[in-house]
Amino acid sequence: WRFSDNQFVIDPTNTKGNIEDFCKGGNPSMPLSVALFQTLLSFVQVPTTLCRINEPPKGRDVNVVTDEDRDARTVTFSLERDVYEGEELYIDYGLSYERSRYGG
């Protein structure tokens, strides 16, 4: 998630670029940050479930909306409507998202 002011990014991947079930925290660009979260703050774990939400294909609409609080650096995800069991969740990636490799 990139905040709309482009000051911060929430990245759910680990140091190898893989998505695990939980994000353990830390910022590789900040000295000792990852080590701190792996040792003293190892109890901090954030589920990465929401990072698996895709953008809808052409002709489909979103069913998830976001509310961003830049001061608190939080993002709240909400359903825009009722969804059925097994239905995929879709979110709008925004105007600046690179779509040139989309098929069709």
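Arg81 is partly exposed, with a relative accessible area of 36%; the term covers values between buried (under 20%) and exposed (over 50%), using a 1.4 Å probe and protein chains only. Its side chain meets that of Glu87 in a salt bridge, at 2.6 Å from N to O. The structure holds one salt bridge, defined as a side-chain nitrogen of Lys or Arg within 4 Å of a carboxyl oxygen of Asp or Glu.

A word on the model itself: it is predicted, so local features need pLDDT of at least 70 and side-chain atom pairs count only at pLDDT 80 or more, while totals for chains, interfaces and linings use all residues. Residues are numbered from 1 along each chain as its sequence is written, and side-chain values use heavy atoms, leaving out hydrogens and water.

The protein chain has an average pLDDT (the predictor's confidence in each residue, from 0 to 100) of 81, and 92% of the residues score at least 70. Confidence is lowest in strand β2 and highest in strand β3; strands are DSSP runs of E with at least two residues, and helices are runs of H or I with at least four, numbered from the N terminus.

| Strand | Residues | Mean pLDDT |
|---|---|---|
| β2 | residues 46-47 | 78 |
| β3 | residues 64-69 | 88 |

Now to helix α1 (residues 33-38), where Ser33 lies. Ser33 counts as buried because its relative accessibility is 11%. Leaving aside neighbours within four places in sequence, Ser33 is in contact (heavy atoms within 4.5 Å) with Gly26 and Asn27.

Tyr102 sits in the segment after β4 (74-79) and is partly exposed, at 40% relative accessible area.
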